[in-house]
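Visitor: Could you walk me through this one? I have the model open and would like to go element by element.
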Amino acid sequence: MSNRLKNESSPYLFTPTEVENVLGKGHGREFCRLCDVTERGNSGKGSLPNLLKSGSPELPDGLISRLYRYRQKRFSLRTDDKIPAFWNGLMTAAMCSLYRASRKGEYLSAAAAASPSGHAMFLPALCEHEFPPPRVTVVPGKNFTASELPFEISEYVCAVVLEGPTTDFPLKNGLTTFYVCKGRSCIPASNNPAELP
């Protein structure tokens, strides 16, 4: 029999002749009667075995497993890979976040290797767009280096350390200044990291 699917239900449809060939005439006819497998079919060009009309009778042992093995040989069903692709996308997004927080190239390389097509990144990218992580902008005062940050930055925070003050990010009181934005709003600039949310 052909391995091409005519429609999504094709692998599960049977004709009385198929059932009798697999189970033998006696068991085949009994199975067809109990499970509504008819020449006319109950689902397009075949019958989907079911117990809707007959209730739930006891079928002789082994009939279902024999038909199941036959169906497996008749069609090789494909695996739905959308869930693994989603998990792969989450892992790739995590690697990108680790790279963004640490600037370690091995995280970026792992992300690129895990998702060469980039399609799996759609949902995590959409989540990041709709629910952006907090963004911390650090404007260093005199004699300040990034290694002297007085707090540890989470991988779920986008942190930027500027080289110096800018028009958009001036120093407050001439000291190292922290700007924090969450979503689409920002809290007032602070010189004290303990005040940050």
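Visitor: In what order do the elements run from the N terminus on?
Guide: This is a predicted model. From the N terminus on, the elements of the protein chain run α-α-α-α-α-α-β-β-β-β. That makes six helices and four strands.

Visitor: What share of the residues counts as buried?
Guide: Of the 197 residues in the protein chain, 27% count as buried. The chain exposes about 13600 Å², and carbon and sulfur atoms supply 56% of that area.

Visitor: And what share of the contacts joins residues at least 24 apart?
Guide: Taking contacts between residues at least 6 apart in sequence, 53% join residues at least 24 apart.

Visitor: Let's go to H1. How many of its residues are buried?
Guide: Six of the eight residues in helix H1 (residues 16-23) are buried, so the helix is largely enclosed by the rest of the structure. The buried residues are Pro 16, Glu 18, Val 19, Glu 20, Val 22 and Leu 23.

Visitor: What covers them?
Guide: The cover over the buried residues of H1 includes H2 and H3.

Visitor: And H2, which residues are buried there?
Guide: Gly 28, Phe 31, Cys 32 and Leu 34 are buried in H2. Their cover includes H1 and H3.

Visitor: How do the axes of H1 and H2 cross?
Guide: The two axes come within 7 Å and cross at roughly 135°. That makes H1 oblique to H2. The crossing is right-handed.

Visitor: Which residues meet between H1 and H2?
Guide: On the H1 side they are Pro 16, Val 19, Glu 20 and Leu 23. On the H2 side they are Lys 25, His 27, Gly 28, Arg 29, Phe 31 and Cys 32.

Visitor: Glu 20 is on that list. Which side chain does Glu 20 meet in a salt bridge at 3.6 Å?
Guide: That partner is Lys 25, with 3.6 Å from N to O. Arg 29 also forms a salt bridge with Glu 20, and there the closest N and O atoms are 3.8 Å apart.

Visitor: Is Glu 20 buried or exposed?
Guide: Glu 20 counts as buried, because its relative accessibility is 17% and the cut-off for buried is under 20%. Lys 25 is exposed, with a relative accessible area of 54%. Arg 29 counts as exposed at 51%.

Visitor: How many salt bridges does a search of the whole structure find?
Guide: The search finds five. One of them joins the side chains of Glu 30 and Arg 33, at 2.8 Å from N to O.

Visitor: Where do Glu 30 and Arg 33 lie?
Guide: Both lie in helix H2 (residues 25-34), three residues apart, or about one turn of the helix. An α-helix has 3.6 residues a turn, so residues three or four places apart point the same way. Glu 30 counts as partly exposed at 31% relative accessibility, while Arg 33 counts as exposed at 55%. Salt bridges with shared partners join Glu 20, Lys 25 and Arg 29 into one network.

Visitor: Change of topic, backbone angles. What follows H1?
Guide: Gly 24 follows H1, and its phi is positive, near 90°. After H2 comes Asp 36, also with a positive phi, near 60°.

Visitor: Why does the Asp get a mention?
Guide: Most residues other than glycine have a negative phi. Asp 36 is not a glycine, yet its phi is positive at about 60°.

Visitor: Where is Asp 36, and is it buried or exposed?
Guide: Asp 36 sits in the loop between H2 and H3. At 13% relative accessibility, Asp 36 counts as buried.

Visitor: What about Asn 173, what is its phi?
Guide: Asn 173 has a positive phi of about 60° and is not a glycine either. It is placed in the loop between strand E2 (158-161) and strand E3 (177-182). Asn 173 is exposed, with a relative accessible area of 62%.

Visitor: Last one, Ser 76. Where is its place?
Guide: Ser 76 is in the loop between helix H3 (63-74) and helix H4 (82-102). With 52% relative accessibility, Ser 76 counts as exposed.

Visitor: How far is Ser 76 from Pro 11 in space?
Guide: They are 8.7 Å apart, C-alpha to C-alpha. In sequence, Ser 76 and Pro 11 are 65 residues apart.

Terms used. Residues are numbered from 1 along each chain as its sequence is written. This is a predicted model: local features need pLDDT of at least 70, side-chain atom pairs count only at pLDDT 80 or more; totals for chains, interfaces and linings use all residues. Side-chain values use heavy atoms; hydrogens and water are left out. Helices (H or I, at least four residues) and strands (E, at least two) are DSSP runs, numbered from the N terminus. Buried means under 20% relative accessible area, exposed over 50%, partly exposed in between (1.4 Å probe, protein chains only). Contact means heavy atoms within 4.5 Å. Accessible areas come from the Shrake-Rupley method with a 1.4 Å probe; for residues, only the protein chains shown count as cover. A salt bridge is a side-chain nitrogen of Lys or Arg within 4 Å of a carboxyl oxygen of Asp or Glu. Axes are lines fitted to C-alpha atoms, for helices over the stretch in contact, and angles run from 0 to 180 degrees between N-to-C directions. Angles under 35 degrees count as roughly parallel, over 145 as roughly antiparallel, 65 to 115 as roughly perpendicular and the rest as oblique. A crossing is left-handed if the near helix is turned anticlockwise from the far one by less than a right angle, and right-handed if clockwise.
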